[in-house]
Each structure stands twice: as structure tokens, then as C-alpha cells.
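Subject: Structure handover

Hello,

Here is the structure you asked to look over. My notes on it follow below.

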Amino acid sequence: MKAIILVGGEGLRLRPLTCNVPKPMVPVVNKPFLEHMIDNLKRHHIDQIILAICYLPDRIQHHFGDGSDFGVSLTYAVEQSPLGTGGAVKNAERFLEDTFVVLNGDIFSDFDLSDMVEFHRDHKGKATISLTPVEDPTAYGVVEIDAQSRVKRFIEKPSWETVTTNLINAGVYVLEPEVLDLIPGGVHCMLERRLFPDLVEQSVPFFGYRSNAYWIDIGVPEDYLKLHHDILMGKAVARFPGKSMADDIWVEEGCKMHPSAKLMGPVVIGRGCTIEQGVRISGPAVLGAGCTVGRGTAIDEAILWQNVKLGKDAAVRSSVVGNNSVIGDNTWVVDGSIISDDIAIGSSNKLEHGIRIWPGNTIKDNAISF
Ligand code: GDD
Ligand code: MG
């Protein structure tokens with residue numbers, strides 16, 4: 001069976017983390033998010049994967065190539081301009097000759113895809129959609145099903161007044177090729193706003209497959225941080241690079257660690273990091289390759305991408321710092337702050353309250369004071 005992953009969106013809500021990389025390439029525990037999705041598909045013996053790409057396509061193609069380094073066979077369906085979730089699947093029609101799976105490219109889930117495919121076959125569905133319960137359904141596609149699991153209504157991002165269930169579209173579908181006839185070719189079209197309501201209206205066999213397995217959409221920085229937390233705390237299952245040392249600490253080769261540094265797991269440290277005297281790292285925390293943490297600095301529940309340099313007596317807590325950024329001495333980056341790539345923050349600043357700094361910016365010493 002083939003799967004198509006929709007990875008053409010711009011990831012606007014995840015900015016500034018997606019200013020330089022497309023959302024599927026954003027690192028999650030030191031490997032691109034899309035590698036985790038591919039791992040999950042392989043677990044269900046799906047190794048023929050089509051990537052529907054559009055935004056920053058070269059970044060994805062260059063990393064994944066023909067997929068052989070990742071144990072899969074990859075084909076690319078490239079859109080010159082975004083065709084929407086439906087148009088993207090239609091654009092790959094020539095590769096889809098049998099029952100196939102579609103996945104949103106920003107979903108992390110442990111749910112049993114093989115069981116969903118079996119459910120689709122048992123119910124003789126033309127389309128089956130995965131469903132998961134959430135607290136606030138208004139940010140998603142809301143799906144009503146009947147006692148036989150048949151979809152009765154699909155409403156994308158409804159207002160609270162029209163919400164009748166907490167079951168939402170979890171962004172994974174099993175489809176028969178004939179439903180592609182209902183999607184117009186070469187124009188922008190959304191599965192959620194066009195195909196799914198059409199399937200209901202035309203009484204096509206369209207079913208909802210419920211699962212209570214772990215599920216998250218990494219579309220916003222809070223959920224990006226939450227996924228790290230859940231993987232490191234063992235709530236979500238993922239493979240990541242690093243050799244397991246004692247007490248929930250994973251370290252890749254080439255790291256230099258001062259003997260006085262204290263690591264309280266779960267902590268993952270990438271290749272070639274330097275941890276200086278008196279540093280304290282409290283998990284869940286991830287350091288990408290080539291990071292340097294200066295003397296006396298504290299890291300607490302934070303995610304550092306690659307080549308981040310933290311000065312002396314600094315603090316990073318519940319925040320993300322992007323590639324090649326430098327945080328000065330005595331500077332605090334706390335409470336959901338998102339510092340993206342190539343940023344230089346001088347000494348004695350305090351960045352807090354979910355502040356977001358766009359790539360390439362510089363903040364002088366003592367500019368945002370305590
Ligand atoms: N190739 C391609 N082309 N991919 C696209 C395009 C496009 O024009 N537009 C969006 N995508 C991809 C995005 O990259 C993402 O992986 C996926 O389609 C879903 O887009 P999002 O922008 O993340 O949508 P959402 O999160 O607001 O809503 C969707 O996902 C929810 C579950 O997380 C909908 O499918 C909702 O119904 C669903 O509940
Ligand atoms: Mg999304």
C-alpha cells in the first residue's frame with residue numbers, strides 16, 4: 001500500500017521556527033519531524049511514500065532523496081503553487097492506482113494504522129477518516145458519525161455554537177482511487193471543505209475510525225514543545241539519535257562535558273556539544289549538534305537546535321532556540337520564548353512571555369532588562 005504525505009503548507013502558525021525550514025523539516029528530538037512520520041509508516045509496513053511538496057521543496061528533496069537512506073522508496077509530487085490538501089492529492093493521481101493512505105504532514109500519532117486499513121476494508125469504505133477526541137475542536141475539522149461509524153457531517157474549523165462533538169479529523173485518511181474523480185484537477189481544492197462534505201452529500205461510503213492513541217498536530221510552538229515533552233517523558237513513542245547513558249540521558253559522540261555539570265534526565269545531547277563548568281540541565285531538554293553551554297548556565301525544559309551558543313550564567317527555560325543563535329552572559333530566555341535562527345542576544349537581557357524573535361535579529365546588551 002502507498003501513502004501520500006501532505007507537506008506543502010507554509011507552517012505559518014509555527015513561525016518563526018518555519019522561516020528557514022518547512023514544517024516537516026523542523027527537528028523533533030534531533031531529527032526532522034518527517035523522519036518520525038516515515039518511521040511510523042514503516043512500522044505498518046508502508047514503504048512506498050509520495051511526498052506532496054510545495055513550500056521550500058528543495059530542503060525536503062535534498063535531505064530525503066529517493067528515500068533509500070531511510071529504508072523507504074520516495075516519490076515527489078511537486079506543486080508550483082499550493083493546490084490545497086485536495087489539489088495536492090489529485091496532483092499525485094498518476095502514482096495512486098490502489099487503496100492508499102493520505103496523511104497530513106504535521107501529525108504525530110501512535111495510532112494503529114494497520115487496524116484502520118482493516119476497518120476500512122471490513123466496512124467496504126470508499127473513504128475512511130481517523131478521528132481523535134480533543135478539548136477544543138474549533139481549531140480542527142469536526143466530524144459527526146452515526147452508530148455504524150458512518151460520517152454524517154464534516155465541518156472544518158466550526159464556531160463553538162456549531163460544535164456537537166469533541167471528535168475531530170486526526171488528519172489520516174484511507175481512500176479508494178475512485179474518490180479522486182470528485183476532486184477537480186489543476187485547481188486549488190481542500191479535502192476538508194470540498195471532498196469530505198461532498199462524500200457525505202452524495203452518500204458515498206465514508207466512515208470514521210476512532211482512536212484514543214497519542215495524537216498531536218505540531219502546528220503551533222506550544223504543541224511543538226509539548227511533543228518533545230511527551231516523547232522524552234515516554235508518553236509518545238519515538239526513536240531518536242543518541243546513546244543511552246544512565247538515568248534517562250542520551251548523548252551522541254564527540255561531546256565534552258565538565259565533570260561538575262549536572263544533568264537531570266530526560267536529556268538528549270547531540271553530536272559535538274560542549275558543556276562547561278557548573279552547568280545544570282533539567283529535562284525534558286534537547287541540545288542539537290554543536291551547542292556550547294557556558295559556565296554556570298541553567299537549561300530547564302528547553303529545546304536548542306544546532307550550533308547554539310549560550311554564554312555564562314544564562315538561563316533557558318520552557319523555550320526554543322534556533323540554529324546558530326547566540327545568547328549572551330546573564331541573559332534569560334524563559335516562559336515559552338521562541339528565538340529562531342541566526343540571532344545574537346547580548347548580555348543581561350530577559351526574554352519572556354512567549355516572545356518570538358525572527359531570524360537574523362540582534363539584541364544589544366541590557367536592551368530588555370530585568
Ligand atoms: N502539498 C500541499 N499543498 N500540502 C498542503 C497544502 C497545499 O496546498 N496546504 C496544506 N498542506 C499540508 C500542510 O503542510 C499540513 O501538513 C497538512 O496539509 C494540513 O495543513 P494544516 O495547515 O496543518 O491544517 P490544519 O492543521 O489547520 O487542519 C488540518 O489538520 C487538522 C488535524 O491536525 C485539517 O485536515 C483539519 O480538518 C484537521 O482536524
Ligand atoms: Mg496542522
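The side chain of Asn104 has an N or O atom 3.0 Å from an oxygen atom of ligand 1; a polar contact here is a pair of N or O atoms within 3.5 Å, and within protein one must be able to donate a hydrogen and the other to accept it, with residues adjacent in sequence counting only if both atoms are side-chain atoms. The backbone also takes part: an N or O atom of Gly105 lies 2.8 Å from an oxygen atom of the ligand, and a polar backbone atom of Gly141 is 3.0 Å from an oxygen atom of ligand 1. Ligand 1 taken alone exposes 730 Å², of which the protein buries 91% (Shrake-Rupley areas, 1.4 Å probe; for residues, only the protein chains shown count as cover).

Before going further, the ground rules. This is a predicted model, in which local features need pLDDT of at least 70 and side-chain atom pairs count only at pLDDT 80 or more, while totals for chains, interfaces and linings use all residues. Residues are numbered from 1 along each chain as its sequence is written, chains are lettered from A and ligands numbered from 1 in the order in which they are written, and side-chain values use heavy atoms, with hydrogens and water left out.

Around ligand 1 there are 27 residues, the closest being Glu79, Glu156, Asn169, Glu192 and Asp217 (a heavy atom within 4 Å). By class, 11 are nonpolar, eight polar and eight charged (Ala, Val, Leu, Ile, Met, Phe, Trp, Tyr, Cys and Pro are nonpolar; Asp, Glu, Lys and Arg charged; the others, Gly among them, polar). Helix α3 gives the largest share of this shell, three residues (helices are DSSP runs of H or I, at least four residues, and strands of E, at least two, numbered from the N terminus).

Asp106 sits in the loop between β4 (100-104) and β5 (107-109) and Asp217 in strand β11, so the pair ties together parts 111 residues apart in sequence. Asp106 counts as buried at 8% relative accessibility, and Asp217 counts as buried at 15% (buried is under 20%, exposed over 50%, partly exposed in between; 1.4 Å probe, protein chains only).

Elsewhere, seven strands form an open parallel sheet in the order β14-β17-β20-β23-β26-β29-β32 (two strands pair if DSSP finds at least two bridges between them).

Regards
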